[in-house]
Amino acid sequence: MRSLDKISRERRIVTSLSAGIAATVMTLLSTELAASDDKLSGLPSLVLGGQTATAQTFQFETPFNNLVNAGPLSIVLEKTTLDEVKTAFGGNIRSRSVEGLSIGWLCYELATGNLPRRIWFVANGRDAATPAEKPVTFISTEEVAGDTDKCDTPTVELAPLLLPVPTLKDGTEALEKRFGAAPQQGMARYAHEHQDEQNTTVMQSLVYRLKDGHIDGIAFTQVTSK
């Protein structure tokens, strides 16, 4: 585990991971769209809008398993579509499209136990596929308070996401054990990129939001360059 020593390297990884994603969302979150009740908000808005690009960034050496267990559905980033998520959990696919840029998402409100939270599944891209047909490239879960920006209630029990990395209820200690470094407060980004068997670049990013050493938000992104 090592910190990215050179600013240029850090910026290149963050820029690569955000290419197409941040541009899409920043365009779609224009004044006109932001006035709608139907919009991305919370941690997904910050991450995909590029507002966490200055977070302290670390590079991890080994990619993690691209599989998220969400109870009755196992989600593989860049393969499982929004329509498959909707079929499993219900809800309404929301979308925005401007000048060839499009983004679609599902958002669920969970109030089980003592951990009120939202879970977001986001797909984006310039391809001609409808939002429902697009594969999920971004998953985020965060603790919430209040009734603002209410999301859908899943039609079946949606268990806490089982990620191959620390998540909600974990904290700085778990991040340090997994990645070697972590802050007590604010945002931290962990990034990795590698070449796959098709000689394309696979980029993974984890963004954590911590409050007093406690993880209260996480965003998991995987993007493969074409």
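1. Of the 226 residues of the protein, 50% count as buried, where buried means under 20% relative accessible area with a 1.4 Å probe and protein chains only. The model is predicted, so local features need pLDDT of at least 70, side-chain atom pairs count only at pLDDT 80 or more, and totals for chains, interfaces and linings use all residues. Residues are numbered from 1 along each chain as its sequence is written, and side-chain values use heavy atoms, with hydrogens and water left out.

2. The secondary structure comprises six helices and eleven strands; these are DSSP runs, helices being H or I of at least four residues and strands E of at least two, numbered from the N terminus.

3. The protein has eight aromatic pairs. Rings of Phe, Tyr and Trp (its six-membered ring) pair if their centres lie within 6.5 Å; planes under 30 degrees apart count as stacked, over 60 as edge-to-face and the rest as tilted.

4. Phe-64 and Phe-220 form an edge-to-face pair, 4.9 Å centre to centre with 65° between the planes. Phe-64 lies in the loop between strand S2 (56–59) and strand S3 (68–70), and Phe-220 in strand S11 (residues 214–224), 156 residues apart. Both Phe-64 and Phe-220 are buried.

5. Tyr-108 and Phe-121 are also paired edge-to-face, at 6.1 Å centre to centre and 70° between the planes. Tyr-108 belongs to strand S6 (residues 101–110) and Phe-121 to strand S7 (residues 117–125), 13 residues apart. Tyr-108 and Phe-121 are buried.

6. Ring pairs join Phe-58, Phe-60, Phe-64, Phe-179, Tyr-190, Tyr-208 and Phe-220 into a cluster.
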